[in-house]
Protein chains: 2
Amino acid sequence: MTDTARGTSRRYGSRPTMKDVAARAGVGLKTVSRVVNGEPGVTPETERRVQDAITALGFRRNDSARILRKGRTASIGLVLEDLADPFYGPLSRAVEEVARDHGALLINGSSAEDPAREQELVLALCARRVDGLVIIPAADDHRYLEPEIAAGVATVFVDRPAGRIEADTVLSDSFGGARDAVAHLIAHGHRRIGFIGDQPRIHTAAERLRGYRTAMAGAGLAVDESWVSLGSTAPDRVRFAATAMLDGPRPVTALFAGNNRVTVTAVRVLAERPRPVALVGFDDFELADLVTPAITVVAQDAARLGRTAATMLFRRLEGTEIPPQRQEIPTRLVPRGSGELPPPADE
Amino acid sequence: MTDTARGTSRRYGSRPTMKDVAARAGVGLKTVSRVVNGEPGVTPETERRVQDAITALGFRRNDSARILRKGRTASIGLVLEDLADPFYGPLSRAVEEVARDHGALLINGSSAEDPAREQELVLALCARRVDGLVIIPAADDHRYLEPEIAAGVATVFVDRPAGRIEADTVLSDSFGGARDAVAHLIAHGHRRIGFIGDQPRIHTAAERLRGYRTAMAGAGLAVDESWVSLGSTAPDRVRFAATAMLDGPRPVTALFAGNNRVTVTAVRVLAERPRPVALVGFDDFELADLVTPAITVVAQDAARLGRTAATMLFRRLEGTEIPPQRQEIPTRLVPRGSGELPPPADE
């Protein structure tokens with residue numbers, strides 16, 4: 001373990017102690033110890049009083065300090081929203097590498113895009129004494145984290161912002177990337193462009209939609225609302241949305257796909273169409289350059305997102321006491337062919 | 001939480017108690033409690049005596065039982081070897097779904113293919129009171145887990161077997177799948193077939209090599225050792241190995257790639273060659289059907305591997321007391337084009 005990680009428990013926060021709990025509950029230290037350690041000899045009423053004090057003070061047994069003292073390894077938690085989304089592979093690995101450089105273990109979990117599950121998982125990781133958390137949030141209200149943060153759990157949000165609390169945050173420039181993608185399609189002659197995105201309550205989906213609308217408006221193009229579809233990224237939903245836009249009364253000649261899950265299905269749908277349709281996808285993905293045509297993408301630097309977030313986290317753990325920071329990582333348009341296809345000649 | 005998950009602490013194992021530790025160390029219960037909870041008032045010598053007793057008995061504070069008693073959530077740990085390998089996406093998600101069906105949280109970690117790190121991570125998860133573990137092992141000696149298993153942590157190995165301990169295991173049929181893949185290439189006229197695999201100490205790599213050799217021998221074909229290359233799956237290494245086989249004195253006309261990391265690089269290398277080379281890859285991967293030619297693969301059912309392992313784990317947690325089981329999941333050859341290319345006409 002590095003001195004850095006070891007410094008955590010000394011420098012961070014002013015966690016309430018068992019003594020504070022005992023004082024608040026009006027019981028002896030030994031009673032608190034019994035409740036905390038699940039030992040017998042406490043009446044249900046006293047246990048409830050102690051539990052209330054624990055909750056009110058945000059007390060957690062300081063396992064972490066004990067683990068550090070005994071030379072065990074520090075750990076940080078990473079909460080994803082989907083274990084099977086390849087976008088999170090390089091992000092997770094980058095967080096893991098930074099953790100390892102600091103002598104800390106990384107523990108992951110997934111919210112499966114369920115806010116209740118995110119909260120349950122985050123609190124379970126806190127109860128298991130992680131020293132810090134990197135969170136890709138599914139929830140839009142993170143006030144449940146305030147007692148943990150106050151008790152010294154360093155927390156950084158990545159990919160999506162925290163809801164209703166101030167916190168360190170690292171985001172891709174979803175708005176700018178989306179605007180550039182759509183401007184690119186417009187520059188190649190398209191006027192009717194569809195956008196298929198993730199669920200609108202997800203920050204990145206909303207930002208990419210805003211980028212789409214801004215680029216269209218900037219070129220003086222009115223958006224037909226049948227060209228915009230936000231929702232699940234399940235293949236069936238995306239296939240249905242793409243087909244509706246391509247076969248509708250005012251058919252689109254190009255698609256902008258809001259993330260790699262959408263793009264992969266769009267590639268399949270377009271491969272079955274009689275004539276080429278332009279496509280730009282948000283997120284790069286493996287083999288995007290080897291399908292025909294190769295897929296033009298707005299690449300996010302997932303590894304840099306993870307590395308930046310983890311580095312921020314360890315700075316907090318080392319004792320940096322500055323207001324919450326927000327960093328934005330630029331995206332990069334990678335033209336490969338699919339985004340440079342012109343509209344049909346008869347347009 | 002389900003009754004199933006809740007049943008864990010009652011039915012499983014005979015964990016040593018604080019009383020056992022106190023008796024062995026020759027100290028009072030309160031002293032043990034102080035040491036375990038990191039409270040002051042214990043001399044270094046006494047602390048060491050208690051620690052020795054804790055180690056000797058394999059004692060762990062029974063946080064888990066306490067968590068269950070207080071209605072908190074049970075958890076299981078999943079140890080992967082690479083966070084960025086897409087093969088583990090559906091496997092992880094399947095384990096997560098089974099865990100959720102049992103009201104339990106899933107916590108992940110990665111060994112990054114480092115045996116020491118695997119052990120560190122597994123013991124860290126045990127110290128954080130996971131109720132069970134699903135492990136894709138990097139190590140080949142798991143005797144370090146024996147005290148944990150004896151103390152009641154249910155453990156299932158998946159994708160690769162446990163080393164030097166008896167344990168529940170779920171594996172793909174790596175040998176049979178590899179043999180079928182190579183036999184398929186032989187049936188399409190190939191006689192000089194290369195095999196590029198992962199590091200030979202990895203069980204799946206060794207089994208797939210055995211399948212390759214068995215198919216070649218079965219067709220009466222001698223293997224030129226320049227056609228076999230095992231090692232890292234890093235793109236540079238795979239590229240070098242493939243190029244050497246394709247440009248060597250007895251050039252191969254077909255490649256069998258030992259896993260999806262190898263296949264993806266092989267696809268890139270072959271796309272740059274002047275004439276087509278047949279390819280079969282072990283593991284299916286996203287877009288394998290959309291590159292040109294589409295890639296013939298031996299598909300593993302990663303989701304079924306994960307589901308089977310997790311189901312086995314929860315059966316153990318429910319109290320099933322049978323000897324360790326080994327399940328093998330069949331693979332499936334998916335012909336798509338690249339594996340059906342004939343050798344050059346002048347062969």
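In this predicted model, chain A is superposed on chain B by a rotation of 180 degrees with 0.0 Å of shift along the axis, at an RMSD of 0.2 Å (least squares on the C-alpha atoms of residues with pLDDT of at least 70 in both copies). This is the relation of a two-fold axis. Of the interface residues of chain A, 100% are also interface residues in chain B, so the copies meet through the same surface. Contact means heavy atoms within 4.5 Å.

Chain A is divided into domain 1 (18–61), domain 2 (71–172 + 302–329) and domain 3 (174–300), with bounds from an automatic or database domain assignment. The centres of domain 1 and domain 3 of chain A, taken over C-alpha atoms, are separated by 56 Å.

In chain B, the axes of helix H2 (residues 18–25) and helix H4 (residues 44–57) come within 9 Å and cross at roughly 120 degrees. Helices are DSSP runs (H or I, at least four residues) numbered from the N terminus; axes are lines fitted to C-alpha atoms over the stretch in contact, with angles from 0 to 180 degrees between N-to-C directions. H2(B) contributes B:Asp20, B:Val21, B:Arg24 and B:Ala25 to the contact, and H4(B) contributes B:Arg49, B:Val50, B:Ala53, B:Ile54, B:Ala56 and B:Leu57.

Residues are numbered from 1 along each chain as its sequence is written, and chains are lettered from A in the order in which they are written. Local features need pLDDT of at least 70, while totals for chains and interfaces use all residues.

How values were computed. Predicted model: local features only at pLDDT ≥ 70, side-chain atom pairs only at ≥ 80, totals over all residues. Heavy atoms only, no water. Helix = DSSP H or I, 4+ residues; strand = E, 2+ residues; numbered from the N terminus.
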